[in-house]
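This report looks at two places where parts of a protein model touch each other. Keep the sequence and the 3D view open while reading.

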Amino acid sequence: MSVPRYWRNEVPRYRLQGEECSQCGAKYFPTRPVCKCGSTDFKPYKLAERGEVVTWTTISSAPTGFEKYVPYVVALIELEDGCKVLSQVVDIAPDAVEAGLKVEAVFRKVKEDGKEGILQYGYKFRPVVE
Amino acid sequence: MKTGRQVGIIGYGAYVPMYRLKASEINRVWGGFGAPVEEKSVVALDEDTITISVEAAKQAVKRANIDPSEIGAVYVGTESKPYAVKPSGTIVAEVIGATPSVSTADYEFACKAGTEAMQTCIGLVGSGMHKYAMAIGADTAQGRPQDALEYTAACGGAAFIFGERSAETIAYLEASYSFVTDTPDFWRRSKEMYPRHGNRFTGAPAYFKHITGAGKALLEETGYKPEDFKWAVFHQPNAKFPINAAKIMGFSMDQIEPGLVSPRIGNTYAGSTPVGLAATLDVAEPDDKIFVVSYGSGSGSDAFIFTVQDAILEKREGPKMETFIERKEYVDYATYLKNRGQIIK
Amino acid sequence: MRKVKIAGVGLIRVSEYWDKPIQSLFAEASMKSMKDAGIDAVDKVYVSNMGGSLMQDQLNLAAVMADSLGTPGLPATRIEAGSASGGVAFHEAVQAVASGYSDAVMVTGVEKLSDILPEVVTTGLAMAEEQEYTAYTGVTKAGIAAMIHRLYMDLYATPEEVCMMAVKSHEHAVGCKHAQYPFKMSLQRAMSSPMEADPIHMMECSGIGDGAASLILVPADDEGVEVAGTAVSTDYTSIAARQDPLEMKAIKTAADRAYKMAKIKATDIDLAEVQDDFSINGVLGIEGLGLAKPGKGAKLVNSDDVDKEGKIPVNTFGGLKARGNPLGATGIYQLAEIAWQLQGKAGDHQIPDAKIGVAENMGGMASICAVNVLRRADK
């Protein structure tokens, strides 16, 4: 697991932070070097931390590093500010997930690099706790 | 002990993971009959002290309604560090946006590492070194299978942001006190998975001596009597000890009732006294006085007196301790072992 | 720009070749296509392969594959575009001949998945997704298709109707000598198989197999099978970045461009090969190619139209699901099969009087797509 790659993505993943194009206002998460309008001028943009499930799946065959979390839910989530993110949805039984489920961002462990490597943390979502 | 300038809590947050293991389930597996608590909280597979700390810290920042970059210190008290070497505090500080002008460290003093962090933050803000400082007590405590502590070793934590006393202060500190002796009642050697303890030796010469030592000294120093307090919180390694400590100190069951969460979630170790204080703040009214005494094996106690201010009424939105306690799903013993990483794959 | 034709076709059965290295598979298919073309040398070879660096720990694959042919000096380039490697490599190979730079080009797709464990294949497939914010979530290739599958079902079709894509592919594979799974699969069997990624059943996913397929491209001479149109398009890699996650823009754009180049409309097409690595992907391929309107792909699959005798037969040798899906070689298999149909060499699978065939080969969740149109040259 690449430490620089993890480190470089800490702030966006830890804080759900993307960018907003200074020219056309388009919002991006993750950030991109060039906007669809051609601009390369961006300012930081904090995404909404709440949204709802658009579509989802339950992963039963996991890629390396995610095996122990099986079965887990991955969903396409539309946030309150209109941005969309892909994320795991936790603290819910897979068969209880449905379209329109209200969810909020949480900070969780995503992957471990074996017993000796770094721990990767980042965003996941869970049903809103009021 | 009193600060140079008055200091108070300006924001707090607490978190308890949603999974629960019943004492009866442990008894089913190990044939025991004990039940020092009804059930205890268990982390999800993707939770640890750092994620618990972040959850509590984010809520504290939200309630305090401050610019997180003005937080000058983030200290995490825990005995379940995900990394043996590498601070948990840097991750928490990065998530909440306190970096880079911030000092962080992880504190270890068994179950009182969280209140030790509070003492430090109080000193840093009280001295004027920092505008705001955050103390967190959080744990995913280790209990050896079939050991008495397996019933209680639980997961959870709370975060407190301290600032100079103002109208924005939720509860200001009147005074604090720390009481420490070298008393090896409970320990975990480096690289060992589970702690060892002295069984009944953890009682009178350890827990009760230090709780009452710190508590009585602070009452003496401030001139308060137990009846002057609306609420009291004593470190809660089980259901029995804090009740007995209250009795010895002259406090009633009513006073400790809101903060006594261990029967329902177990002992959250460095998070234990902090979550008790958070649960008490959840129900406190302006002008209520709260008496708090932690205990950490090894051993020592930190005692605090807080007085609640009007700002509490606007600064406790969002989920309360009760919300998290009631949000629960029971797991069986196998799932518990899996979530705690105790199944060798 | 010169017109290009397919002069030779060669492939091996999709299978598990435990006793053979990737070089053998490559060489076998390549020798067959050269023999079919009646030549013993080419100017250039394109190697299409997705996972050699993971599965065989092999980078510089073009040189290693060229080496296996025993002809030092041969120019070689490896093309990797995820599951679309074959279609994209073909697209490049066509341009090499069309430009006049090369006169005889071989494009050989090869993939050997049996060298690694199935769970590593899952990881490898997820490597075709953007790593930091898509694969980061633990989602798999099947998982992304599953999310799209669910959206599709909500709007357009029942689970059974989508699943029929896999059933039809299996029907078409019966008797196919190079198919990995040349047998029928009932709808009931597929629908009762375990979930791979809810709502996608395991039997709606293509399996793991080794394979190699090869084509020889030369300047056209008004005989045989010509390349009428070739195009590649890309899209935002993450479905979260797309306005409408159900719209596979890369497929549609590539199809539009390829049709324009071929001067045809979708209705002119006689047969199609689509990327049914998951049943939903086959349905979306059919729609992206314009063979059915958006949302009507599953309905088409459930009609007789896609059958061998139908109006627009799809996946006439079994598609990815039944012929097999050796990733980087898959796009070449599709084109080889269409070439056989247009040459009248499809045997029991022959579509009567087929003139125009199209292959849709996408990588990621249509983050890249190659659409190639082949036409029987009119004398």
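How many residues does the contact take from chain A and from chain C? Chain A gives 33 residues and chain C gives 28 residues. The model discussed here is predicted.

## Chain A against chain C

The size of an interface is often given as the accessible area lost when the parts come together. Between chain A and chain C, about 2700 Å² is buried. Carbon and sulfur atoms give 56% of that area.

Two salt bridges cross the interface of chain A and chain C. In a salt bridge between Arg5(A) and Glu132(C), the side chains meet with an N to O distance of 2.8 Å. Polar contacts between chain A and chain C amount to 14 residue pairs, with both residues at pLDDT 80 or more.

## The chain A side

Five elements of chain A each supply at least two residues of the side that touches chain C: α2 (10-15), β4 (50-59), β5 (72-79), β6 (84-89) and β8 (119-127). Which of them gives the most? That is β4(A), with six residues.

Sorted by residue type, the side of chain A that touches chain C has 18 nonpolar, 10 polar and five charged residues.

## Two domains within chain B

Chain B is divided into two domains. Domain 1 covers 7-169 + 318-334, and domain 2 covers 174-313. The C-alpha centres of these domains of chain B are 16 Å apart.

In chain B, 55 residues of domain 1 are in contact with 47 residues of domain 2. Together the two domains of chain B bury about 3900 Å², and 61% of this lies on carbon and sulfur atoms.

How many salt bridges are found across the interface of domain 1 and domain 2 of chain B? There are three salt bridges. Glu326(B) forms a salt bridge with Arg264(B), where the closest N and O atoms are 3.3 Å apart. Across the interface of the two domains of chain B there are also 23 residue pairs in polar contact, both residues being at pLDDT 80 or more.

## The domain 1 side

On the side of domain 1 of chain B that touches domain 2, the elements giving two or more residues are β1 (7-15), β3 (39-42), α4 (113-126), β6 (132-140), β7 (155-164) and α10 (321-326). The largest share, seven residues, comes from α4(B).

This side of domain 1 of chain B divides into 25 nonpolar, 14 polar and 16 charged residues.

Notes. Residues numbered from 1 in each chain as written. Chains lettered and ligands numbered in written order. Predicted model: local features only at pLDDT ≥ 70, side-chain atom pairs only at ≥ 80, totals over all residues. Heavy atoms only, no water. Contact = heavy atoms within 4.5 Å. Buried area = accessible area lost by both parts, 1.4 Å probe. Salt bridge = Lys/Arg side-chain N within 4 Å of Asp/Glu carboxyl O. Polar contact = N/O pair within 3.5 Å; in protein donor to acceptor, adjacent residues only side chain to side chain. Helix = DSSP H or I, 4+ residues; strand = E, 2+ residues; numbered from the N terminus. Nonpolar A, V, L, I, M, F, W, Y, C, P; charged D, E, K, R; others polar. Domains from an automatic or database assignment.
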